[in-house]
Amino acid sequence: MKKIFAILMMALACSVSAQTPDEIATTLVKLNETVPDFKFTDEGGKTVSITELRGKTVMITFFATWCGPCRSELPHIQSEIYNQYKDNSKFRLLIFGREHTAKEVAEFKAGQSFTMPFYADKDRSVYGLFAKQFIPRNFLIDTNGKIIFSSVGFAEKDFSALKELIAKKLNE
């Protein structure tokens, strides 16, 4: 009976972390494609192009302040990714607040005591290049500007795979 329970739990875990057909259909970018070209305004008010970040491993996260899975994931990004790699010149983290203003993102960041960088994407101009719906979403971009990882939602299995891939890429 314990063996059957364990098998059922493993199957459930796999099905929860796998992308659904709807999630796949609403993802506009595919693995091994070049990251879409976009610009964003950084926390200092400077306009930055994603192409300026070539040569770095870039993690892009899309979230919303009201999203429960996003609120669960962000502390893990802070403690397990950002804190570990914030001083690594070969890494850059971009967290976009989908449909949020710069003020809303700044207030959320301060209220949650986050130190990682957050950017506004009020009109979905960045998010809309990557997906049609569903958050949180993570994308990892390699030094050549290729998408090498994509996930929807927050699942430990996917998050662990993301962390392992970041570590691998930064040690190459």
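# A viewer tour, starting at the rings

Select Phe 38, Phe 40, Phe 62, Phe 96, Tyr 119, Tyr 127, Phe 130 and Phe 139: ring pairs link them into a cluster. Here rings of Phe, Tyr and Trp (its six-membered ring) pair if their centres lie within 6.5 Å; planes under 30 degrees apart count as stacked, over 60 as edge-to-face and the rest as tilted. By that rule there are 18 aromatic pairs.

Before moving on, know that this is a predicted model, where local features need pLDDT of at least 70, side-chain atom pairs count only at pLDDT 80 or more, and totals for chains, interfaces and linings use all residues. Residues are numbered from 1 along each chain as its sequence is written, and side-chain values use heavy atoms, with hydrogens and water left out.

**Stop 1**

Keep Phe 96 and Tyr 119 selected. Their rings sit 5.6 Å centre to centre with 45° between the planes, a tilted pair. Phe 96 belongs to strand E4 (residues 91–98) and Tyr 119 to strand E5, so to speak two distant parts of the chain, 23 residues apart. Helices (H or I, at least four residues) and strands (E, at least two) are DSSP runs, numbered from the N terminus. Phe 96 is buried at 0% relative accessibility, and Tyr 119 is buried as well, at 3%. The cut-offs: buried means under 20% relative accessible area, exposed over 50%, partly exposed in between (1.4 Å probe, protein chains only).

Next, pick Phe 108 and Phe 114. Their ring centres are 6.1 Å apart and the planes meet at 45°, so this pair is tilted. Phe 108 is buried at 8% and Phe 114 at 9%.

Now show Arg 98 and Tyr 127. Arg 98 lies over the face of the Tyr 127 ring, 4.9 Å from its centre. The test asks for NZ of Lys or CZ of Arg within 6 Å of the ring centre and within 35 degrees of the ring normal.

**Stop 2: the backbone around H5**

Switch to a backbone view. Most residues other than glycine have a negative phi, and most peptide bonds are trans. Go to Arg 124, in the loop between strand E5 (118–121) and H5. Arg 124 is not a glycine, yet its phi is positive, about 60°. At 25% relative accessibility, Arg 124 is partly exposed.

On to Phe 134, in the loop between H5 and E6. Phe 134 also has a positive phi, about 80°, without being a glycine, and its relative accessible area of 28% makes it partly exposed.

Which peptide bond is cis, with omega near -5°? Select Ile 135 and Pro 136; the bond from the one to the other is the cis one. Pro 136 is in the loop between helix H5 (127–130) and strand E6 (137–141).

**Stop 3: helix H6**

Select residues 156–170. That's helix H6, 15 residues reaching 21 Å from first C-alpha to last, close to the 21 Å expected at 1.5 Å a residue (the expected span is 1.5 Å times one less than the number of residues). Colour Asp 158, Phe 159, Leu 162, Leu 165, Ile 166 and Leu 170, which are buried. Look down the axis of H6: the buried residues fall within an arc of 125°, so they line one face of the helix. The arc is that of the directions from the helix axis to the C-beta atoms. On the other side of H6, Lys 157, Glu 164 and Lys 168 are exposed.

**Stop 4**

On a 1 Å grid over the protein atoms alone, a cavity is a set of points where a 1.4 Å probe fits but cannot get out, and a pocket is an open set with protein on both sides within 12 Å along at least five of seven lines; lining residues have an atom within 4 Å of a point.

The largest pocket holds about 210 Å³ of space. Of its 17 lining residues, select Thr 41, Ala 102, Phe 118, Tyr 119 and Ala 120, which lie nearest its centre. Strand E1 (39–41), helix H4 (102–111) and E5 each supply at least two residues of that lining.

Grid points are joined across faces, edges and corners, and a volume is the space filled by probe spheres set on the points.
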